[in-house]
Amino acid sequence: MSIKNILIEMKNMSELMVDLAFSAVLFNNKELAEEVLKLENTINSMNYEIKKQSLVAARSYEDAEKLTALLEIAEAAESMANAAKDLADLVIKGIKPHPVFKMVMEESEKMMARVKVDSGSELCNKTLGELLLVNRTGMRVIAIRRDDSWIYGPDKNTMIYENDVLLVQGTEAGSEVFYKLANGEITLDEFDDFLDEE
């Protein structure tokens, strides 16, 4: 990957990590905390790769001066990632947040969840546009981990596959329904019927 593409990936990843870390602490969710730790290792590797590529690319003092700004941005993204990891470590270590933190975070009315798509789920082999998940569940898919790669800001044409790990954002009630859809406990028709009864 080019330095530009690595920086884009680092920016997206560090933003995601901050959201994940706050949600992990708020909901005492070890799965989200573990995702943060995995991402932090990736960010560290990317920062190292940028340093290597910058050293190879610098042919003169002027080149080195221009590349310094890129290195500073990469360091800042890694600092954000490290801070998110520190938050996630609180959850891993079993340290409960102070009640004031919970009150502050609940004001945002948003939460994040990590959901793995099972083979029996109706989400499999459908695009986000077909599923209309935001309309149905109030949860928005903000990132997808597929094996070791990430899809940030998926759009209506993004396909969901078995074993994808979806990072979703929305309400607590919506996350419960989303888990059931992803686990194959309910179908989309059953969910729509449930909403009609309400």
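These legends accompany several views of one predicted protein model.

**View 1. The whole fold, from end to end.** Let's start with the overall picture: eight helices and six strands make up the secondary structure of the protein. Following the chain, the order of elements is α-α-α-α-β-β-α-α-β-β-β-β-α-α. Along the principal axes, the C-alpha atoms fill a box of roughly 70 × 40 × 25 Å.

**View 2. Surface and interior of the protein.** Of the 198 residues, 39% are buried. The protein exposes about 11100 Å², and carbon and sulfur atoms supply 52% of that area. Taking contacts between residues at least 6 apart in sequence, 77% join residues at least 24 apart.

View 3. Beyond its neighbours within four places in sequence, Ser-14 is in contact with Ile-43, Ala-77 and Met-80.

**View 4. The largest pocket and its lining.** Our next stop is a pocket holding about 190 Å³ of space, the largest in the model. Its lining has 13 residues, and those nearest the centre are Leu-128, Leu-133, Val-134, Arg-140 and Val-141. By class, seven of the lining residues are nonpolar, three are polar and three are charged.

View 5. At least two lining residues of the largest pocket come from each of helix 5 (128-131), helix 6 (133-137) and strand 3 (140-146). Helix 6 gives the largest share, with three residues.

Key:
Residues numbered from 1 in each chain as written. Predicted model: local features only at pLDDT ≥ 70, side-chain atom pairs only at ≥ 80, totals over all residues. Heavy atoms only, no water. 1 Å grid on protein atoms, 1.4 Å probe; cavity = no way out; pocket = protein on both sides within 12 Å on 5 of 7 lines; lining within 4 Å. Points joined across faces, edges and corners; volume = space filled by probe spheres on them. Helix = DSSP H or I, 4+ residues; strand = E, 2+ residues; numbered from the N terminus. Nonpolar A, V, L, I, M, F, W, Y, C, P; charged D, E, K, R; others polar. Contact = heavy atoms within 4.5 Å. Buried < 20%, exposed > 50% of the residue type's maximum accessible area, 1.4 Å probe, protein only. Areas by Shrake-Rupley, 256 points an atom, 1.4 Å probe, with all protein chains shown as cover.
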